[in-house]
Amino acid sequence: MTDFIEGLPKCELHLHIEGTLEPELKFELAGRNGIDLPYASVEEIRAAYSFDDLPSFLKIYYEGMDVLRTEPDFYDLAMAYLRKAASQNVRYAEIFFDPQAHTSRGVPFDIVIRGLRRALIDAESRLGIRAQLIMCFLRDFQAEYAMATLLESLPYREWIVGVGLDSDEKGNPPVKFKAVYERARQEGYLLTMHCDVDQENSTEHIRQAIEEIGVNRVDHGVNALEDPSLVEAIRERGLGLTVCPISNGYVTDSMKADAIRRMLDLGLRVTVNSDDPAYFAGYVQENLVALADALDLSREDLVQLERNAFEITWLPRHLKDAYLAELDAYAAG
Ligand SMILES: [Zn+2]
């Protein structure tokens with residue numbers, strides 16, 4: 001089954017570019033920028049990656065980003081991810097980036113996006129992997145800062161396919177960003193947001209995301225299964241769910257494999273993704289293998305997960321169809 005998964009044409013829809021910063025690159029960038037890291041070796045950094053909930057993860061995550069300073073740093077970060085993804089036969093990725101995690105420490109927005117954008121262009125021509133950017137707002141910052149970031153992004157509108165919302169969900173419900181999302185929709189952005197797993201008021205937050213914000217997709221959203229009316233709303237609107245099994249295992253009590261099985265059985269458009277692979281030790285290949293092991297997934301299940309993913313991408317129809325044809329050819333092979 002591992003071989004079958006290796007060859008499977010894959011799609012990644014829940015991937016934070018800052019979460020792909022591997023310790024090796026962290027050292028390289030620290031050296032380049034003259035920054036002293038509080039670690040002596042790659043092994044020491046990896047040993048520090050022990051989290052048991054979202055806040056403990058986020059603390060280490062934001063600390064790690066300090067080495068990202070210049071346009072070439074962001075280029076190298078994205079290029080390293082795209083090379084890794086291409087090696088796992090990821091054919092298409094929608095990549096989150098967190099501009100406020102950089103502008104809040106003095107790195108200008110245009111430095112961030114120019115580096116990322118240049119990597120996406122080079123990766124497509126050199127590696128044959130296509131990708132688009134989704135700009136996420138940090139929900140533990142004020143809504144006014146999110147709005148300012150949205151306005152700052154407008155000159156780069158054509159480089160960004162949609163907006164998302166991430167970081168610490170506790171006390172930061174979707175409706176806090178209602179005006180920001182309304183403006184984003186007016187500007188032509190597609191809309192998604194994190195509804196993280198097992199949060200305080202999880203089901204209420206999912207309801208707000210769907211009914212009050214009108215998202216086009218939900219990131220995570222596993223707790224929707226607790227409320228039949230949410231399941232119905234997700235099905236009715238054909239909303240995709242970007243679930244991240246290995247990540248779930250780090251920040252909650254389990255991979256939530258059974259929930260993914262139920263979502264598949266309910267015919268929901270559930271997908272498997274890697275979230276922050278440098279921190280959770282697993283890219284999309286490893287996530288699919290772990291889930292296949294846990295659930296004894298069939299080849300049909302695995303193909304269905306990727307079919308769901310290509311179907312809910314924010315690509316034009318003809319490109320979706322091209323990837324789906326590639327998937328079908330592999331499944332028939
Ligand atoms: Zn995430």
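Reader: Which residues coordinate the zinc ion?

Author: This is a predicted model, in which local features need pLDDT of at least 70 and side-chain atom pairs count only at pLDDT 80 or more, while totals for chains, interfaces and linings use all residues. Residues are numbered from 1 along each chain as its sequence is written, and side-chain values use heavy atoms, with hydrogens and water left out. Donors are N, O and S atoms within 2.8 Å of the metal (3.2 Å for Na, K and Ca), and sites may look incomplete because water is not among the atoms. At 2.1 to 2.2 Å, the zinc ion is coordinated by H14 (NE2), H16 (NE2), H194 (NE2) and D275 (OD).

Reader: What is the geometry of the site of the zinc ion?

Author: Four donors count as tetrahedral if all angles lie between 85 and 135 degrees; four count as square planar and six as octahedral if opposite donors are over 155 degrees apart and all others between 65 and 115; anything else is irregular. The angles among the 4 donor atoms of the zinc ion are 82 to 172°, and the site is irregular.

Reader: How many residues apart are H14 and D275?

Author: Helices (H or I, at least four residues) and strands (E, at least two) are DSSP runs, numbered from the N terminus. H14 lies in the loop between β1 (10-12) and α2 (23-32). D275 lies in the loop between β9 (269-272) and α14 (277-280), so the pair links distant parts of the chain, at a separation of 261 residues.

Reader: How many residues of strand β3 are buried?

Author: Buried means under 20% relative accessible area, exposed over 50%, and partly exposed in between (1.4 Å probe, protein chains only). Strand β3 (residues 130-138) is mostly covered, and its buried residues number 7 of 9.

Reader: Which residue of β4 stands opposite M135?

Author: Two strands pair if DSSP finds at least two bridges between them. Strand β3 runs parallel to strand β4 (residues 160-166), joined by 6 bridges. The residue of β4 opposite M135 is V163.

Reader: Which strands are at the edges of the open sheet of 4 strands?

Author: The sheet has the order β6-β7-β8-β9, with parallel pairing. Within it, 4 bridges join strand β8 (residues 240-243) to β9. Each edge strand pairs on one side only, and the two are β6 (194-195) and β9.
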